Amino acid sequence: MSEDVLSKAPLFAALDRESAAALRTSVTEVRLAKGQTLFSENDAGDRLYVVLEGKIKLSRTAADGRENLLSVLGPGEMFGELSLFDPRPRTASAIALTEARLAGLGHDDLRPWLTGRPEVALHLLRALAQRLRRTNDVIADLVFTDVPGRVAKQLLDLAERFGQKTEEGVRVHHDLTQEELAQLVGASRETVNKALADFAQRGWLRIEAKAVLILDKERLQHRSR
Ligand code: CMP
């Protein structure tokens with residue numbers, strides 16, 4: 001199953017079977033326990049990773065100790081490539097939210113593929129462009145959208161990637177604490193909890209332990225705009 005995940009990741013999707021098999025010989029597997037730090041912001045970095053199983057959070061810490069969650073990544077998603085294109089320290093910390101398994105690839109092993117196979121470079125550029133689009137949306141939301149709107153948007157985004165359809169609605173096992181969800185939204189825990197309680201009271205969702213059950217996706221979508 002995880003080999004399937006790897007073959008669909010941006011790096012490998014560009015390659016035919018034979019080339020993908022050749023690149024795979026450079027892959028090392030990394031296993032993380034829940035809560036384990038893979039690397040920290042400002043560390044030197046020489047590898048990129050593709051999530052095979054589990055969830056990873058990418059976070060940054062402000063000088064006063066406050067945390068901002070940039071993203072929660074799941075199977076098939078890649079991270080740790082910024083220091084490949086721009087050899088400087090890690091721009092965020094990567095921490096396992098659940099037990100996780102990753103495929104790691106050394107930047108030095110990758111460089112010949114980027115220069116020798118333009119399609120690999122193009123797939124990576126596309127992944128970077130998608131991230132920039134997403135980041136621009138996040139910035140615009142921080143400026144233009146209120147906290148409940150941002151909470152709705154984050155839940156829908158998490159639902160798209162981690163949601164499981166049930167008879168009642170879509171269950172989103174985000175594996176985030178209330179504090180982490182607030183860090184992802186970019187607001188205080190109290191404000192985010194208030195928005196969640198309001199949505200629950202309206203019957204749009206049900207709050208569960210490290211999960212939500214989305215009962216009315218349309219209303220949430222409407223609120224996120
Ligand atoms: P790197 O700087 O090597 O290590 C941290 C990684 O987090 C970085 O590469 C990117 O892969 C990833 N990252 C940084 N900023 C964002 C962002 N805004 N959204 C998603 N991922 C990010």
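In T91, a polar side-chain atom lies 2.7 Å from an oxygen atom of the ligand. The side chain of S83 has an N or O atom 2.6 Å from a ligand oxygen, and for E81 the distance is 2.9 Å.

## Basis of the model

This is a predicted model, in which local features need pLDDT of at least 70 and side-chain atom pairs pLDDT 80 or more, while totals for chains, interfaces and linings use all residues. Residues are numbered from 1 along each chain as its sequence is written, and side-chain values use heavy atoms, without hydrogens and water.

## Residues around the ligand

There are 14 residues around the ligand, and G80, E81, S83, R90 and T91 come nearest (a residue is near if one of its heavy atoms lies within 4 Å). By class, this shell holds six nonpolar, five polar and three charged residues. Here Ala, Val, Leu, Ile, Met, Phe, Trp, Tyr, Cys and Pro count as nonpolar, Asp, Glu, Lys and Arg as charged, and the others, Gly among them, as polar.

Residues 11-131 are 32% helix and 34% strand; residues 145-218 are 53% helix and 19% strand. Helices (H or I, at least four residues) and strands (E, at least two) are DSSP runs, numbered from the N terminus.

Methods:
Polar contact = N/O pair within 3.5 Å; in protein donor to acceptor, adjacent residues only side chain to side chain.
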